[in-house]
Amino acid sequence: MIEVVNLSKHYGDKKAVNNISFKAEDGEVLGFLGPNGAGKSTTMNILTGYISCTAGKALIDGVDILEEPVKAKKNIGYLPEIPPLYLDMTVKEYLYFIYDLKKCKLPKISHLQDICSLVKIDHVYNRLIKNLSKGYKQRVGLAQALVGNPKVLILDEPTVGLDPKQIIEIRTLIRKLGKNHTVILSSHILSEVQAVCDRIVVINEGRVVANDTEENLSHKLTGDNKFVCRIDGKKDTVMRLIQSIDGVDKVYCDAEHKNDICDYRIEAAEGKEIRYELFRKMADNGFTILELKSAEMNLEDIFLKLTMGETIPALEENNDEEAEN
Ligand SMILES: Nc1ncnc2c1ncn2[C@@H]1O[C@H](COP(=O)(O)OP(=O)(O)OP(=O)(O)O)[C@@H](O)[C@H]1O
């Protein structure tokens, strides 16, 4: 498990990381998302013991990375954005070298064989790393992170520069690794986080602005009061009928299809249930609701909304609690 508690890192007056707290539970793949300069690398660097923090703590499987760095680092496998490979070594030489460097105690040959078959590099075991494709180099990078079977994997932009096929392969592999490891994956790529992660922490200007599943984030940001619907009926009459429903704040016609079929976006007042009335009014006028769904946001919308200054009420409460502590 990874636990970050009231962590701050200041560079002079600059608060690169400002009192952030989050957890990644065992067997969870946590996406760490934020725009440039948000504080992702700073947090990763603290988590891996590369730099110290100004305040707070980071625990790796219950061990404080600053107080007991050697013990904590035994539980971390780290894949930086550029894998730390020695290109003139073969895969085998390199993994043997990492095994010794990490002072690994597991049975050498079988342990390395298990890793190689997991990340599917057994058939390039005796090849020089410099002759491997970028995707295979990335797999070798993952293999070195797995030496010693650490509980926690920290992956920094693991698919940058790979082709689409390699991206899918590495993502599938990360999901598989997530079954037996706690994984933190830092990424700018929204679809990647969406495809791979169980939960998302969004960081902006050094503060956590969201920490939830994509589904819950979308729900919290959209609320229960925005809908999109497709109705078969005369547009002007439909608009008028919707506007007349108690609780409807706004209605827009988003698209007009043929035969009087239109798409509408409806915003209702907070806490007002308008759907029953909507159904009744349309039915009474002989109009048909072909589709009605909540206007949920996709991850891109969520990310933009959060990093443009919007916070989620539930999260603000948590931040207040943290500030008080
Ligand atoms: N050594 C340093 N000295 C001064 N300021 C720093 C230092 N390292 C980082 N910063 C600042 O701290 C802030 C957070 O930087 P950080 O590299 O953690 O962001 P990031 O989210 O990883 O961004 P990117 O995605 O661009 O790598 C930035 O404003 C950066 O300029």
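**Figure 1. Overall dimensions of the protein chain.** The protein chain has a radius of gyration of 25 Å, whereas a compact globule of 325 residues would have one near 20 Å (radius taken over C-alpha atoms; globule rule, 2.2 Å times the number of residues to the power 0.38). This is a predicted model, in which local features need pLDDT of at least 70 and side-chain atom pairs count only at pLDDT 80 or more, while totals for chains, interfaces and linings use all residues. Residues are numbered from 1 along each chain as its sequence is written. Along the principal axes, the C-alpha atoms of the chain fill a box of roughly 75 × 50 × 30 Å. The chain has twelve helices and 14 strands (DSSP runs numbered from the N terminus: helices H or I, at least four residues; strands E, at least two).

Figure 2. Asp156 lies in strand β7 (residues 152–156). Asp156 is buried because 21 other C-beta atoms lie within 10 Å (buried: 20 or more such atoms within 10 Å of the residue's own, C-beta atoms being placed from the backbone). Leaving aside neighbours within four places in sequence, Asp156 is in contact with Met44, Leu79, Pro80, Glu81 and Ser186 (contact: C-beta atoms, placed from the backbone, within 7 Å). The C-alpha atoms of Asp156 and Leu128, 28 residues apart along the chain, are separated by 24 Å.

Conventions:
Buried ≥ 20, exposed ≤ 12 C-beta atoms within 10 Å, placed from the backbone. Contact = placed C-beta atoms within 7 Å.
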